[in-house]
There are 2 protein chains.
Amino acid sequence: MLKSAEVLWSEVETQSAYALFQKAYEREAAGLLTMVQDKTSQITKVDDLWKLHDFLSAKRHEMDGKYDQRQSVIIFVFAQLLKEGLVKNDELSFLDPDKQSKIKALARL
Amino acid sequence: MLKSAEVLWSEVETQSAYALFQKAYEREAAGLLTMVQDKTSQITKVDDLWKLHDFLSAKRHEMDGKYDQRQSVIIFVFAQLLKEGLVKNDELSFLDPDKQSKIKALARL
C-alpha cells in the first residue's frame with residue numbers, strides 16, 4: 001500500500017491535482033444534474049420522488065467521500081476517477097511518470 | 001387536551017377519516033412534485049441540487065410525521081390540514097358536528 005511518505009509531491013503537482021479534482025467533481029455534478037432533471041420530469045407518483053430522494057442521498061454521500069483531498073490517497077482517487085471516465089489519461093500528464101503509471105495500473109484493477 | 005377515550009369514533013367516521021387523510025396526502029404530494037419538477041428544471045449549480053435534496057429530506061420527514069393515523073390525534077391532524085388548505089371544510093361533513101367544531105376551532109389557532 002502507498003503511504004504519503006513514499007510519494008513526493010511537488011507544489012505544482014499538488015495544486016494541479018486539486019484543480020483536476022475540482023474539474024472531475026464538476027463533470028460528475030453536471031452529469032448528475034442532467035440525469036436528475038431528466039428523471040424528475042418523468043415522475044408521476046410521489047413514491048418515485050422518494051426513490052429519487054434516496055438515490056440523491058446515496059449519491060451525495062458517495063461524492064462527499066470520493067473526492068478525498070488527503071495527499072496520501074490522491075493516487076487512489078485519481079485511479080477511481082480514471083476508471084469512471086471522469087478524468088482522462090492525458091489530463092494526468094502534469095504528474096511525474098511514476099505516479100501516472102501507478103494511477104493507470106490501479107485503474108485497471 | 002383531547003384523549004382518545006373522550007372522543008367516540010364510529011366505524012364509518014374512522015374509515016372516512018383515513019380516506020380523507022389519503023386524499024390530503026395525495027394533494028400535498030402532487031403539489032410537492034410539481035414544485036420539485038419546477039425547481040429542478042431551473043437548477044444550474046450542483047450546490048442548488050444539494051439544497052433541493054436538503055429541502056426534500058425535511059419535507060419527507062415533515063410529511064411522514066404529519067399524517068399520523070392514531071385515532072387520538074386525528075382531530076389535530078385534520079386541524080392542521082384544514083389550516084394548510086389540504087382539506088376543505090365541507091369535506092369534514094362526515095364527522096359529527098362536535099368533532100367538526102373542534103377541528104375548525106383548532107385550525108383557527
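In this predicted model, A:Val36 counts as buried, with a relative accessibility of 1% (buried means under 20% relative accessible area, exposed over 50% and partly exposed in between, with a 1.4 Å probe and protein chains only). A:Val36 belongs to helix α1 of chain A, which covers residues 11-42; helices (H or I, at least four residues) and strands (E, at least two) are DSSP runs numbered from the N terminus. Leaving out residues up to four places away in sequence, A:Val36 touches A:Leu52, A:Phe55 and A:Leu56, together with B:Thr40 and B:Leu49 of the other chain; contact here means heavy atoms within 4.5 Å. Between A:Val36 and A:Phe55, which lie 19 residues apart along the chain, the C-alpha separation is 9.6 Å.

As the model is predicted, local features need pLDDT of at least 70 and side-chain atom pairs count only at pLDDT 80 or more, while totals for chains, interfaces and linings use all residues, and side-chain values use heavy atoms, with hydrogens and water left out.

Turning to the chain as a whole, chain A holds four helices and zero strands, in the order α-α-α-α from the N terminus. The radius of gyration of chain A is 17 Å, well over the 13 Å given by the globule rule for 109 residues, so chain A is more spread out than a compact globule; the radius is taken over C-alpha atoms, and the rule is 2.2 Å times the number of residues to the power 0.38. The C-alpha trace of chain A spans about 55 × 25 × 25 Å along its principal axes. Of the 109 residues in chain A, 42% are buried. Among contacts in chain A with a separation of 6 or more, 68% join residues 24 or more positions apart.

Towards the other end of chain A, A:Gln100 sits in helix α4 (residues 97-108). At 15% relative accessibility, A:Gln100 also counts as buried, and its contacts, not counting residues up to four places away in sequence, are A:Leu92, A:Ser93 and A:Leu95.

In chain B, helix α3 (residues 74-83) is largely enclosed by the rest of the structure, because seven of its 10 residues are buried. The buried residues of α3(B) include B:Ile74, B:Val77, B:Phe78 and B:Leu81, and their cover includes α1 (11-42), α2 (46-66) and α4 (97-107) of chain B. Just after α3(B), B:Gly85 adopts a positive phi of about 75 degrees. In helix α2 of chain B lies B:Leu52, which counts as buried at 6% relative accessibility. Apart from neighbours within four places in sequence, B:Leu52 is in contact with B:Val36, B:Lys39, B:Thr40 and B:Ile43. By contrast, B:Leu52 and B:Gln69, 17 residues apart in sequence, are 28 Å apart in space from C-alpha to C-alpha.

Finally, the two chains can be compared. Chain B can be laid on chain A with an RMSD of 0.0 Å by a turn of 180 degrees and a shift of 0.0 Å along the axis, using least squares on the C-alpha atoms of residues with pLDDT of at least 70 in both. The two copies are thus related as by a two-fold rotation axis. The same surface serves both copies, as 100% of the contact residues of chain B recur in chain A. Of the residues of chain B, B:His53 comes closest to the rotation axis, with its C-alpha at 3.4 Å.

Technical notes: Residues numbered from 1 in each chain as written. Chains lettered and ligands numbered in written order.
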